[in-house]
Amino acid sequence: MEGHGPQKSSPLARDLTRAFNGYNKHTVQLKKNLKETHAFFREMRQNYSNTCASSTLSSDSASLETSQFSCISFPSHEEEFLRNTVGAAPYILVLGQDCAARYQLLNCLLGERLLPLGPQAGHACQGGQGSTCKRRKLCFTHGKQTRLSLALPGQYELVHQLVANCGRWDTVPREDLEILDECEDPAHRQAELEITLHHPMLQEAKVMVVPLSECPAHRGSD
């Protein structure tokens with residue numbers, strides 16, 4: 001696969017891109033409104049403090065004004081909710097018990113056969129109780145160049161030679177998607193495969209493909 005140039009976009013991806021683009025625009029506006037609201041309340045508190053310092057109000061009048069002022073303050077739980085909302089990046093989670101179905105849905109979303117299907121995908125994980133999926137969690141993000149790497153979520157990249165980085169590829173090599181039985185390094189087994197693509201939808205939202213062993217329904221059956 002070429003290391004640069006935009007990826008193709010399916011009709012579904014275009015619809016999702018527009019939807020997430022609208023969401024992100026509203027998030028930016030909400031963040032701006034939150035900042036302006038903070039400035040407004042800060043100015044009100046300053047003006048109130050200056051008024052109290054220069055006035056000779058009775059204790060009853062001062063108490064009444066303080067009560068009125070507290071009624072128009074920003075409730076802390078609402079502020080926390082808004083901050084969490086505007087600070088959270090949108091994700092698309094692809095969940096399921098069947099590896100082939102997850103990979104096929106991802107390919108459909110991005111309009112490319114990025115993940116292997118059929119015999120090329122190798123042995124598929126079964127959805128039976130007590131089974132362990134040997135496929136890695138995949139995280140698709142936006143970038144100008146196509147790039148694959150192994151990383152511990154939210155921490156650091158691992159120094160590891162991926163098959164995809166040894167030459168050209170159109171579909172992510174199966175070897176890079178699997179956790180080998182002989183691998184004993186805990187960090188290597190927990191690492192997720194980060195795939196960076198120049199795709200318009202990934203500019204608006206990240207995509208996570210979650211293996212069977214990390215699906216909530218499967219965890220609940222253990």
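Trainee: What makes β2 (residues 138-142) and β4 a pair?

Mentor: Two strands pair if DSSP finds at least two bridges between them. Here 5 bridges join β2 to β4, running parallel, so they count as paired. One spot to look at is Leu-138, which stands opposite Leu-193 in β4.

Trainee: Before we go on, what sort of model is this?

Mentor: It's a predicted model, where local features need pLDDT of at least 70, side-chain atom pairs count only at pLDDT 80 or more, and totals for chains, interfaces and linings use all residues. Residues are numbered from 1 along each chain as its sequence is written, and side-chain values use heavy atoms, with hydrogens and water left out.

Trainee: How do you know that β3 (residues 147-151) joins β4 too, and which way do they run?

Mentor: Again there are 5 bridges, but β3 and β4 run antiparallel. Arg-147 stands opposite Thr-196 in β4.

Trainee: Why is β4 called mostly covered?

Mentor: Buried means under 20% relative accessible area, exposed over 50%, partly exposed in between (1.4 Å probe, protein chains only). In β4 (residues 192-197), 5 of its 6 residues are buried. For the protein chain, buried residues make up 33% of the 222 residues.

Trainee: What makes something a helix or a strand here?

Mentor: Both are DSSP runs, numbered from the N terminus: helices are H or I, at least four residues, and strands are E, at least two. The protein chain has 8 helices and 5 strands, in the order α-α-α-β-α-β-β-α-α-β-α-β-α.
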